[in-house]
Amino acid sequence: MDSSSALSIVLLLCILTLLSLSPFISSSPTTIILPLEKITNTQTQSSLSTDPWKTLNHLASTSLIRANHLKNPHKKATHVSTPIYPQSYGGYSVSLTFGTPPQTSIPFVLDTGSNLVWFPCTDHYICQNCSISSSSPKSNSVIQSYKPKLSSSSKLIGCQNPKCSWIHHGSGDDIQSRCQECAPGVTNCAQICPPYLIIYGSGSTTGLLLSETLHLKPKRVPNFVVGCSRFSLRIPTGIAGFGRGEASLPSQLGVNKFSYCLLSHRFDNTEKSTQLVLHTGSGSGDTKTTGVKYTPFVKNPIGFSVYYYVGLKKITVGDKKVKIPYDFLSLGADGNGGTIVDSGSTFTFMEGRIFELVGSEIENQVRRHYKRASEVEISSGLKPCFELPKNHKGMKIELPKLSFHFKGGAEMELPLANYFSIVGNSQVVCLTIVTNNADTTRGEGPSVILGNFQQQNFYVEYDLENERFGFRQQTCK
């Protein structure tokens, strides 16, 4: 039996187990501030930190896997804030609290590229191929999970509930197709919403939809739809979907704007954090945040409706415009091409043709100063890489600036540390952008995915009310 068949059997068994679980599960303006929070991952940290190039290779690989998933997802006025913590696995996390009475806060990966909010659920949660503790042979023994039987407000979502269609899009409004145990015309059928199976770039999860109370000081949000996952593959912690769909946290809370400032990955797995800020209730009109540059969100005419598309008009290296074909940067009538912003990706992804042109221009401007480090490119999974002088510390490093120019005139000039990485005491620097090495034709899905590594030390704002994306370079702390 091959691994894919074995995994399919495991997933099927877990879905059947989920169905047996059901008997045990019982408008003023506000700003909510949530900490972007830490998830301890001691095994990953200890195994990667000893080899900096292995760490870069891991982040490059996961960024590329994530990009391939985002490009092909269907193939296989309250002020609330919470801390945001950078993690060694390349993401950022927040903590959320559910239940009546409130249970212990659970960490969630902040993900603007997906919709559903889900947590590890019950004492029997299984996570296959998950490494989160070096002290325990059973990785799931340290995973924080939610206990539905301990909450009086926990309820399973029924198959006739319109919210069931938030995740079962294929059935659309055809309730009978997902409520096959219900007699036609019956409006009080007891059948629950079918189990979900969500596939991410790095893994997958399956579970049942719950209606539960979410606690976001000072708000208490009843009847919040959340996934109760019983089995996951390579995803040990929950995910907080911040995408544009109905099931996402911003949509369910009626958020009109949210913002964050991502700490440098230099602080991975530390107690340092910044704030995720959610604005709900009455909007603020067309008021702009001081010093923030804005570009309008772009609507995809065909699909990928969960993503935040922006109009990237050109890329410059140094003062030179890279001549990128128009159909790569623009969002085509077929729904492919264009640029999205994704907090769940680490390194920015560029379609093969775009990366080739940008990388070549960088090399043209750098090779007069430094030579290529081909061996490091193989070990790190990144390119181009360049050898620096042996005593480069304290010296001015001659590397060109990299800027993204968006519709409306907004320019994001990246700090050097956001697109080149010097690891430890190494004398090599590598570009932290990945590609799928595709041919020169445009592929499916977005052509550019702006990852969180390139968003470090930027205040980033998603103004949903005015349909615009804003950013301002600053030191996040």
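These legends describe close-up views of a predicted model, with its disulfides and the elements around them.

The model is predicted, so local features need pLDDT of at least 70, side-chain atom pairs count only at pLDDT 80 or more, and totals for chains, interfaces and linings use all residues. Residues are numbered from 1 along each chain as its sequence is written, and side-chain values use heavy atoms, with hydrogens and water left out.

**View 1. The whole protein.**
The protein holds 8 helices and 28 strands. Helices (H or I, at least four residues) and strands (E, at least two) are DSSP runs, numbered from the N terminus. Of the 477 residues, 55% are buried. Buried means under 20% relative accessible area, exposed means over 50%, and partly exposed lies in between (1.4 Å probe, protein chains only). The protein exposes about 20700 Å². Carbon and sulfur atoms supply 52% of that area. Accessible areas come from the Shrake-Rupley method with a 1.4 Å probe; for residues, only the protein chains shown count as cover. A search of the whole structure finds 7 disulfides. A disulfide is a pair of cysteine sulfur atoms within 2.5 Å.

**View 2. The disulfide of Cys127 and Cys130.**
Cys127 and Cys130 are joined by a disulfide. Their sulfur atoms are 1.7 Å apart. Cys127 and Cys130 are both buried.

**View 3. The disulfide of Cys159 and Cys179.**
The sulfur atoms of Cys159 and Cys179 lie 2.2 Å apart and form a disulfide. The torsion about this S-S bond is about 130 degrees, so the disulfide is right-handed. Cys159 sits in the loop between strand S7 (155-156) and helix H4 (175-178), and Cys179 in the loop between H4 and strand S8 (196-199), so the pair ties together parts that are 20 residues apart in sequence. Both Cys159 and Cys179 are buried.

**View 4. Cys182, in the loop between H4 and S8.**
Cys182 lies in the loop between H4 and S8. Its relative accessible area is 6%, so Cys182 is buried. Cys182 and Cys159 are 23 residues apart in sequence. In space, their C-alpha atoms are 9.2 Å apart. Leaving aside neighbours within four places in sequence, Cys182 is in contact with Cys159, Gln176, Cys189 and Gln191. Contact means heavy atoms within 4.5 Å.

**View 5. The disulfide of Cys385 and Cys430.**
Cys385 is joined to Cys430 by a disulfide, S to S 1.9 Å. The link is right-handed, with 110 degrees about the S-S bond. Cys385 lies in strand S20 (residues 385-387) and Cys430 in strand S24 (residues 428-431), so the pair ties together parts that are 45 residues apart in sequence. Cys385 and Cys430 are both buried.

**View 6. The sheet of S20, S24 and S23.**
An open sheet is built from 3 strands in the order S20-S24-S23, with antiparallel pairing. Its edge strands are S20 and strand S23 (420-422), and each pairs on one side only. Two strands pair if DSSP finds at least two bridges between them. The twist averages 25 degrees from one strand to the next. S20 and S24 run antiparallel and are joined by 3 bridges. Glu387 stands opposite Val428 in S24.

**View 7. Helix H7 across the sheet.**
Helix H7 (residues 352-366) lies across S20, S23 and S24. H7 runs at about 10 degrees to S20. Axes are lines fitted to C-alpha atoms, for helices over the stretch in contact, and angles run from 0 to 180 degrees between N-to-C directions.
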